[in-house]
Amino acid sequence: MIDTHSHIFGPEYDEDRNEVVRRAKDVGVGKVLLANVDLNTIEPMRLCRREYPDFTAMAMGLHPTEIRDCWKDDLKKIYEELLTGDYVAVGEIGLDFYWDRSFEKEQREVMREQMKWALDMNLPVILHVRKAYSETFELLKDFGKSDFRGVFHCFSGGLEEAKKAIRMGFSLGIGGVVTYKNSNLGDIIREIGLKHLLLETDAPYLAPVPNRGKRNEPAFMVAVRDKIAEIFNRNAEEVDEITTENARNLFGI
C-alpha cells in the first residue's frame, strides 16, 4: 500500500516516529508521501525524508489556510525549495473557505501560481479543497485544456464534483472519512470505480474507525483499504494492488 498523503514529520510523532514507521511496514504500507504545509514544515519534512529514504517521498507546496500577509515572500521560498528537485508533486495546495474567506483573493492567486509550476515542471498536484469546489473548478477552467495530473486529497464533495474531477484528469484521495457512519463517501466512490482512487491517511488527522478521534498513522490505512474492499465487494489484496498501481502511475513512486 501507498499512503499518498501524510504528515508524519509533524511534532505529533516526535516521541515514537520509528515505531509509527515500523507499524506501517508491518501491515504492508510500503511508501508514504509527505505533503508540505508551510515554511515551518519544510525542514521537519526533509529530516523525515533523510531518516526514512526508502519509505518516504515528498510534495512541496503552500497550504491555502497558511496564506498570510507576506504570502508573496512565502511563495518565493516554496518555489526555491521545489527547484531543489527531490519532490514528486506540488502540494498540498488549493482553496479552503471553511473557516473564513478573508484571504480568498490571495488563495486563488497562490493556487494559480502553484498550478503553473506543476505544468512547467510536469508534476502532479495535490489539491486541498474545502467548501470551495465550485471555485476550484472555475480556477482550473482558466487553464483551458491543460493536461493536469493530480489528486483531490481527502475528497469531500458530492457525486457531481467527483465526476467533474475525474473528467478533468484527477484522482480522488480516500481516507478515514469513508469509514464513518454518517459519511456518504462510500456511495460516491462506488459510482466512480477503483481505478480513480488513491489511499491516504492525512495523518495525524481523520483516523478511521475503530481509531476515530485518536492520532492517525499510516498503519491505520488498513481500515480504509478494508472498507473500500467491502464497498466494492472485492478482496483487500485487489484494492491494495489497484490503488497502489494508481499511486505509482500518478506520482512515479
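**Entry 1: Asp 147**

I call a residue exposed when its relative accessible area is over 50% and buried when that area is under 20%, with partly exposed in between. I keep in mind that this is a predicted model. I began with Asp 147: is it buried or exposed? Its relative accessible area is 68%, so Asp 147 counts as exposed. I found Asp 147 in the loop between α5 (133-141) and β6 (150-153). I also looked up how far Asp 147 lies from Asp 226, which is 79 residues away along the chain. Their C-alpha atoms are separated by 32 Å.

**Entry 2: the sheet**

Next I turned to the strands. I traced an open sheet of eight strands in the order β1-β2-β3-β4-β5-β6-β7-β8, and the pairing is parallel. Which strands stand at the edges? They are β1 (2-6) and β8; each has a single partner strand, so one side of each has no neighbour in the sheet. On average, neighbouring strands of this sheet are turned by 30° against each other, direction ignored.

Strand β5 (residues 125-130) runs parallel to β6, and four bridges join the two. His 128 stands opposite His 153, which belongs to β6. I noted helix α6 (residues 159-167) as well: it packs on the sheet and touches β6 and β7 (170-174). The direction of α6 makes about 135° with that of β7.

**Entry 3: the nonpolar cores**

How many residues does the largest nonpolar core have? I read off 69. The residues with the most contacts inside this core are Ile 8, Met 115, Leu 127, Phe 152, Leu 172, Ile 189 and Ile 228. Helix α8 gives the largest share of this core, with seven residues.

Leaving aside neighbours within four places in sequence, I listed the contacts of Phe 152, among them Leu 127, Val 129, Tyr 133, Phe 137, Leu 140, Ala 165, Phe 170 and Leu 172. Another core lies apart from the largest one. This other core has 13 residues, including Leu 33, Ala 247, Phe 251 and Ile 253.

**Entry 4: salt bridges**

I looked up the salt bridges last, and the structure holds 20. In one of them, the side chains of Glu 217 and Arg 23 meet at 2.8 Å, N to O. What does this pair tie together? Glu 217 lies in the loop between β8 (197-199) and α8 (221-232), while Arg 23 is in helix α1 (residues 17-26), so the pair links parts that are 194 residues apart in sequence. Glu 217 is buried, because its relative accessible area is 4%. Arg 23, at 28%, is partly exposed. I also saw that Glu 217 and Arg 23 belong to a network of salt bridges with Asp 16 and Arg 215.

Then I checked Asp 142 and Arg 112, whose closest N and O atoms are 3.1 Å apart in a salt bridge. Asp 142 lies in the loop between α5 and β6 and Arg 112 in helix α4 (residues 104-121), so this pair ties together parts 30 residues apart in sequence. Asp 142 is exposed, at 53% relative accessibility, whereas Arg 112 is partly exposed, at 27%.

At 41% relative accessibility, Arg 101 is partly exposed.

How values were computed. Residues are numbered from 1 along each chain as its sequence is written. This is a predicted model: local features need pLDDT of at least 70, side-chain atom pairs count only at pLDDT 80 or more; totals for chains, interfaces and linings use all residues. Side-chain values use heavy atoms; hydrogens and water are left out. Buried means under 20% relative accessible area, exposed over 50%, partly exposed in between (1.4 Å probe, protein chains only). A salt bridge is a side-chain nitrogen of Lys or Arg within 4 Å of a carboxyl oxygen of Asp or Glu. Two strands pair if DSSP finds at least two bridges between them. Axes are lines fitted to C-alpha atoms, for helices over the stretch in contact, and angles run from 0 to 180 degrees between N-to-C directions. Contact means heavy atoms within 4.5 Å. A nonpolar core is a set of buried Ala, Val, Leu, Ile, Met, Phe, Trp, Tyr and Cys residues joined through side-chain atoms within 4.5 Å.
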